[in-house]
Amino acid sequence: IAWEGGLYLYSGDEHMRRREYEKAIEAFSNSLYQQRDYLSNLERWRAQSWTRPWLEPTRIGIVTRLNRLGNAYRLAGKYQEAMEQYQRAFDSIKEWGLKYPYENGLYEAVGEVYRLQKNLPQALENYQKALALAESQRRPAAIRSASARVGDILRQTGKPAEAIPHYQKAIQ
């Protein structure tokens, strides 16, 4: 089950690379289904010591698949479906108490959906959350990306002076 789910994940990544978003949605959905099935099996055998090391990585894999599925929906222009997947990812992180290393990317993706929907205040709020997480994790590429997005929104909302420090941070 785990291997099949992984192959669907790779297939989805390849479809994304080719900009075949509907095919990516199908592949990521299949990968998510397989990963959830694998987690169900692990949880059924939870009392067995061999399952414990696999629970958290499997749960992180589910959140990763929800993120990628959300991205595929977003790029396909299906914003409501994208937001549903991102929300499922946030809910899973909270439910399982995960330390998901790419949570900032989820906030940035949500910000992007809001930006595309012209809801700039919500976009800014999510980009700022992404930036705060990236800074707390000391992840330079994530800081650059989120800082630039915050700067973009501030500039678009008529606050170019407030945008400059964010662009400078992105450059640094």
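Predicted model: local features only at pLDDT ≥ 70, side-chain atom pairs only at ≥ 80, totals over all residues.

Biologist: How many residues does helix H8 have, and how far does it reach?
Modeller: H8 covers residues 160-171, so to speak 12 residues. It reaches 16 Å from its first C-alpha to its last, close to the 16 Å expected.

Biologist: Which residues of H8 are buried?
Modeller: Ala163, His166 and Ala170. Down the axis of H8 they fall within an arc of 65°, so they line one face of the helix.

Biologist: What covers them?
Modeller: The cover includes helix H6 (120-137) and helix H7 (140-156).

Biologist: And which exposed residues are on the face turned away?
Modeller: Ala161 and Ile171.

Biologist: New topic. How many salt bridges are there in the whole structure?
Modeller: The search finds 11. One of them joins Lys78 and Glu22, at 3.2 Å from N to O. Lys78 is in the loop between helix H3 and helix H4, while Glu22 is in helix H2, 56 residues apart.

Biologist: What does Arg149 pair with?
Modeller: Glu112, with the closest N and O atoms 3.9 Å apart. Arg149 lies in helix H7 and Glu112 in helix H5, so the pair ties together parts 37 residues apart in sequence. Arg149 also meets Asp152 in a salt bridge, at 3.7 Å. Those two both lie in H7, about one turn of the helix apart.

Biologist: What network do the shared partners make?
Modeller: One that joins Glu112, Arg115, Arg149, Asp152 and Arg155.

Biologist: Is Glu112 buried or exposed?
Modeller: Buried, at 10% relative accessible area. Arg149 is partly exposed, at 29%.

Note on methods: Residues numbered from 1 in each chain as written. Heavy atoms only, no water. Helix = DSSP H or I, 4+ residues; strand = E, 2+ residues; numbered from the N terminus. Expected span 1.5 Å × (residues − 1). Buried < 20%, exposed > 50% of the residue type's maximum accessible area, 1.4 Å probe, protein only. Arc of directions from axis to C-beta. Contact = heavy atoms within 4.5 Å. Salt bridge = Lys/Arg side-chain N within 4 Å of Asp/Glu carboxyl O.
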